Amino acid sequence: MSRREVGQSPDEVFDVVDEHDVVVGRAYRREIHRRGLLHRAIHIFWLRADGQLCLQRRSYAKDNCPGLLSSSCAGHVDAGEDYLAAAVRELREELGVTVSPAALSEVDYAPWHADLGNEFVRSYVLRGEHRTTLAAFEVDSLLWRTPAEVEAWARSQPEVFATPLTHLFRRTGVRRALGLPA
């Protein structure tokens, strides 16, 4: 089966990191997830000028949180790749949005946590209007709400949101970037 059919490839290779986010090896995606190894990921929160936040409904073909609402864009950092390069790549792969690294502002660095899938996560904000071309194997759909509406919705119906998103929504840097009370 191709990545297009399953939503991800078990043969992707990621850096394995220690508790200080220092690379200590490499492993296949399937092995990292099966063994609960620490690794790296990015999340992007895309805000339009009208204050609306883009939420991504993850593809139902994903192995993790299928069909749940997540940040605008999220993904693993590939082996040998840095966080910012991964963010630019994931935006292009998932949403068809091509931006320069300067278009992304880092707003948070979260230490690994079980709610984050044992990932260290750097979160970025993207602002403005951008045309999208969704990768169906990654993204089911996009919807727009204010950050306050997302927060209230996640409190009332947490089961429709991916756990990493609700975890990141509690982090001060993300909250400040989204205009929510810290």
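User: Two strands count as paired if DSSP finds at least two bridges between them. In this predicted model, which residue of strand 6 stands opposite I42?
Analyst: The model is a prediction. Strand 3, residues 39-47, pairs with strand 6, residues 73-76, in the antiparallel sense over 4 bridges. Opposite I42, the residue found in strand 6 is G75.

User: Which residue of strand 8 is the bridge partner of H43?
Analyst: Strand 8 covers residues 119-127 and runs parallel to strand 3, to which 9 bridges join it. Within strand 8, the bridge partner of H43 is S123.

User: Which element gives the most residues to the lining of the largest pocket?
Analyst: The largest pocket has a volume of about 480 Å³. Two or more lining residues come from each of helix 2 (29-35), strand 3, strand 6, helix 3 (83-95) and helix 5 (163-168). With 4 residues, the element that gives the most is strand 3.

User: How many charged residues does the lining of the largest pocket have?
Analyst: The lining consists of 36 residues, and R29, R58, N64, H76 and E119 lie nearest the centre of the pocket. By class, 11 of the lining residues are nonpolar and 12 are polar. The number of charged residues in the lining is 13.

User: Which element supplies the largest share of the largest nonpolar core?
Analyst: The largest nonpolar core has 22 residues, and those with the most contacts inside it are I42, I44, L91, L95, L104, Y124 and L126. Strand 3, helix 3, strand 8 and strand 9 (139-145) each supply at least two residues of this core. The largest share, 6 residues, comes from helix 3.

User: What value is phi of C65 near?
Analyst: C65 is placed in the loop between strand 4 (53-58) and strand 5 (69-70). The residue is buried, at a relative accessible area of 15%. Phi of C65 is positive although the residue is not glycine, and its value is near 55°.

User: Where is D21 found, given that its phi is near 65°?
Analyst: The phi of D21 is positive, in a residue other than glycine. D21 is buried, with a relative accessible area of 9%. D21 is found in the loop between strand 1 (13-17) and strand 2 (23-28).

User: How far apart in space are T146 and G51, C-alpha to C-alpha?
Analyst: T146 lies in the loop between strand 9 and helix 4 (147-156), and is partly exposed at 24% relative accessible area. Not counting residues up to four places away in sequence, T146 touches G51 and Q52. T146 and G51 are 95 residues apart in sequence, and their C-alpha separation in space is 6.1 Å.

User: What distance separates the C-alpha atoms of R171 and G80?
Analyst: R171 is found in the loop between helix 5 and helix 6 (172-177), where R171 counts as partly exposed at 23% relative accessibility. Leaving out residues up to four places away in sequence, R171 touches D108, Y109, A110 and P111. G80 is 91 residues from R171 along the chain, and their C-alpha atoms are separated by 27 Å.

Definitions and conventions
Residues are numbered from 1 along each chain as its sequence is written. This is a predicted model: local features need pLDDT of at least 70, side-chain atom pairs count only at pLDDT 80 or more; totals for chains, interfaces and linings use all residues. Side-chain values use heavy atoms; hydrogens and water are left out. Buried means under 20% relative accessible area, exposed over 50%, partly exposed in between (1.4 Å probe, protein chains only). On a 1 Å grid over the protein atoms alone, a cavity is a set of points where a 1.4 Å probe fits but cannot get out, and a pocket is an open set with protein on both sides within 12 Å along at least five of seven lines; lining residues have an atom within 4 Å of a point. Grid points are joined across faces, edges and corners, and a volume is the space filled by probe spheres set on the points. Ala, Val, Leu, Ile, Met, Phe, Trp, Tyr, Cys and Pro count as nonpolar, Asp, Glu, Lys and Arg as charged, and the others, Gly among them, as polar. A nonpolar core is a set of buried Ala, Val, Leu, Ile, Met, Phe, Trp, Tyr and Cys residues joined through side-chain atoms within 4.5 Å. Contact means heavy atoms within 4.5 Å.
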